[in-house]
Structures are given as structure tokens and as C-alpha cells.
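Grab a pencil and have a look at the model below.

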Amino acid sequence: MSLRHMKNVLPVIRQIPTQRHFHASAVVNKTQSGRYKVTINRDKPLTYEMACPPHFIAHKKSWNAWNTSNIKDGNRPSETTIEDMFIRHFMRGTWHNLFATEVIIKRQHNIIRIAGIISRTIAPTKIYFLTGYTEEFLSYWLQCPVKIELVTTNRKEDLIFKYI
């Protein structure tokens with residue numbers, strides 16, 4: 001590159017920072033995450049937990065994962081999150097279309113308790129089998145005791161709190 005060509009390039013380089021402009025827009029103070037959109041016919045069913053807005057967590061509704069195992073040399077938060085995702089996928093696959101609510105995961109010391117409400121669409125013997133199967137496999141994979149706490153309901157429609 002010749003010196004004369006460099007003299008032509010340098011003014012362009014010097015002008016680039018001065019030619020940038022600052023664009024600003026109005027601040028949007030709407031919080032929409034975790035909220036359900038109202039339908040035209042108001043026919044979308046919500047459970048009590050779904051009907052409460054996110055800012056009511058710990059007031060009207062609870063967390064879906066409770067981690068009370070803040071002990072020294074315990075799992076890091078990332079490992080706990082991955083384990084919770086694994087548990088939820090395993091429960092969705094094992095208990096296919098039986099859970100009427102969210103899967104609640106409670107960790108206390110070295111015990112993991114999994115709670116939820118299921119519908120009574122299968123025989124009680126199959127529910128007992130799935131409970132034992134889930135407890136055994138998750139206890140083996142997660143290397144800690146796992147307890148399943150279930151409540152049953154006749155229909156999923158019994159859990160509807162309101163329609164939006």
C-alpha cells in the first residue's frame with residue numbers, strides 16, 4: 001500500500017466514530033413473562049398456581065423447586081438445575097398424561113421429594129408400580145433417597161381455578 005493511498009484512508013478512519021449516532025426509544029415498563037394471555041372467548045383453563053402472577057411467588061404461590069440443601073460441598077446450582085430438568089423429563093415420560101399439575105421438587109438435606117397431583121385414569125396397582133419404579137430408578141441415578149408424594153383427583157377439570 002502506498003503512502004499516498006494511506007493518506008486517503010486515514011481521514012475516513014477518523015470520521016467513523018464521529019458518524020455514529022445514538023438512538024433512543026421509549027422505555028417499556030411492561031412485565032409479561034410468566035403471565036397467560038387472555039383469550040377472546042375466555043375459555044383457557046388455569047389452575048390456582050397458574051392464575052397467580054409471578055410477583056406473588058412466596059406470597060400466594062410457591063416455587064416449583066425447593067432447594068434447602070445449602071450445605072458445605074453440596075451440589076452447585078447448575079448441577080441442581082440439570083438434575084431438576086432430568087427429574088421433570090423422567091416424570092413426564094414415566095407418568096405420561098397423568099400429572100394434572102406441575103411436578104414439585106423438594107430437596108431437604110440428601111432427600112429429594114417429588115410431589116404432584118395425578119388423575120385416577122389408571123388402576124391403583126399401576127400407580128403403586130410406577131411409584132416404586134420411579135423411586136428406585138431416580139434413587140439409583142441421583143445417588144440419594146427419592147420419595148414420591150402423590151395426591152389423586154377424579155378429573156383434571158376439578159383443578160381449574162378460573163378461565164381467562
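This is a predicted model: local features need pLDDT of at least 70, side-chain atom pairs count only at pLDDT 80 or more; totals for chains, interfaces and linings use all residues.

**Exercise 1.** Find out which residues Trp95 is in contact with, leaving aside its neighbours within four places in sequence.

**Exercise 2.** Work out which members of the largest nonpolar core touch the most other members, and which elements supply the core.

*Solution.* Step one: this core has 18 residues. Step two: Trp95 turns up again, as the residues touching the most other members are Ile87, Met91, Trp95, Ile112, Ile114 and Leu138. Step three: at least two residues each come from α3, β4 (111–119), α4 and β5 (146–153). The largest share belongs to α4, with four residues. As general background, nonpolar side chains in soluble globular proteins tend to be buried together.

**Exercise 3.** Decide how the rings of Phe90 and Tyr133 are arranged, and whether each residue is buried or partly exposed.

*Solution.* First, a search of the whole structure gives eight aromatic pairs. In the Phe90 and Tyr133 pair, the ring centres are 6.3 Å apart and the planes sit at 15°, so this pair is stacked.

Now the accessibility. Phe90 has a relative accessible area of 12%, so Phe90 is buried. Tyr133 has 30%, so Tyr133 counts as partly exposed.

Finally, zoom out: ring pairs join Phe86, Phe90, Phe129, Tyr133, Phe137 and Trp141 into a cluster.

Key
Residues are numbered from 1 along each chain as its sequence is written. Side-chain values use heavy atoms; hydrogens and water are left out. Rings of Phe, Tyr and Trp (its six-membered ring) pair if their centres lie within 6.5 Å; planes under 30 degrees apart count as stacked, over 60 as edge-to-face and the rest as tilted. Buried means under 20% relative accessible area, exposed over 50%, partly exposed in between (1.4 Å probe, protein chains only). A nonpolar core is a set of buried Ala, Val, Leu, Ile, Met, Phe, Trp, Tyr and Cys residues joined through side-chain atoms within 4.5 Å. Contact means heavy atoms within 4.5 Å.
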